[in-house]
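Subject: Structure handover

Hello,

Please find the structure below. My notes on what was found in it follow.

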Amino acid sequence: MKKWLVLLGILVLCAVILPAKGTKDITVTILYDNYIYTEGTKSDWGFACLVKGTEKTILFDTGTKPDILFFNMRKLNVNLKDVEMIVLSHIHGDHTGGLFSVLEKAHTPKVYIPYSFPSEFVKRVDRYNTKVIPVNESIKICKNVYSTGEMGDRIKEQSLIIDTDKGLVLINGCSHPGLVKIVERAKEILKKKVYFVFGGFHLMAKSVNELEDIITQFKNMGVKKVGATHCTGEKAIELFKKAYKKNFIEMGVGKVVKL
């Protein structure tokens, strides 16, 4: 009987000290977007979000205007000091505009940028005593978080992959290399299905037929949830909403996505 009580005590102690895999919540808070989700925040053309609950707290993109980014951070109780890494999707100003103001306040030790970023940009980041990491091929950023690597021809871009118990979660800045190609790359890298894709999809110029084809491909690839925003385009957003119904996740500044 004593042995069973001792064993039970050990099991209870382990349950307290060692939480089960997947019990720690990963959240993504939209800080900058064309749309508003939480009243009192400001919208603007651009994108930025904060990933928390992973090994490192990551700021993905930095929006266009620093004053709007910081306003939304204050409204959403986001502390810049929590930011441990920054990942920039691509060179466009609606994704990099807030970077240098963030670096002045956050002193972030690592900034991940696509390999093709101009040397002048890298030199400017270096002035803030941060470590710049140019990304060419896919790399591991921290535990369970990866970059797709630099993709695309004319506009080079990287996306963020988070490996969760439900499948891969893919965060896109603008999807310039092609939305379907980015999903295929994520699957290829980690040999798992993509569960959830959100961010900018850059589909404004696509016809209805092209959009419906992309949605069909998403379904065939096993993508269960979608959150289209920023540069996606109203027509494309409506079609994704119609196709995904309750599995379409509304985005906008202040939205907190629990993974």
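The axes of α4 (99–106) and helix α5 (residues 119–126) come within 10 Å and cross at roughly 20 degrees. Axes here are lines fitted to C-alpha atoms, for helices over the stretch in contact, and angles run from 0 to 180 degrees between N-to-C directions. The crossing angle therefore makes α4 roughly parallel to α5 (under 35 degrees counts as roughly parallel, over 145 as roughly antiparallel, 65 to 115 as roughly perpendicular and the rest as oblique). Leu99, Phe100 and Leu103 of α4 make the contact with Phe121, Arg124 and Val125 of α5, where contact means heavy atoms within 4.5 Å. Helices (H or I, at least four residues) and strands (E, at least two) are DSSP runs, numbered from the N terminus.

This is a predicted model, in which local features need pLDDT of at least 70 and side-chain atom pairs count only at pLDDT 80 or more, while totals for chains, interfaces and linings use all residues. Residues are numbered from 1 along each chain as its sequence is written, and side-chain values use heavy atoms, with hydrogens and water left out.

Next, the sheet. It is open, with 7 strands in the order β6-β5-β4-β3-β2-β1-β13 and mixed pairing. Its edge strands, each pairing on one side only, are β6 (131–135) and β13 (256–258); two strands pair if DSSP finds at least two bridges between them. On average, neighbouring strands of this sheet are turned by 20 degrees against each other, direction ignored. Between β1 and β13 the pairing is antiparallel, over 3 bridges. Thr29 has Val256 in β13 as its bridge partner.

Helix α2 lies across β1, β2 and β3, and runs at about 135 degrees to β1. Which residues of α2 (residues 66–75) are buried? They are Ile68, Leu69, Phe70, Asn72 and Met73 (buried means under 20% relative accessible area, exposed over 50%, partly exposed in between, with a 1.4 Å probe and protein chains only). Their cover includes β1 (27–32), β2 (48–52), β3 (58–60) and α4. Just after α2, Asn77 has a positive phi of about 55 degrees.

Last, a loop. Lys143 sits between β7 (140–142) and β8 (145–147). Lys143 is exposed, at 53% relative accessible area. Its C-alpha atom is separated by 5.8 Å from that of Glu55, although Lys143 and Glu55 are 88 residues apart along the chain.

Regards
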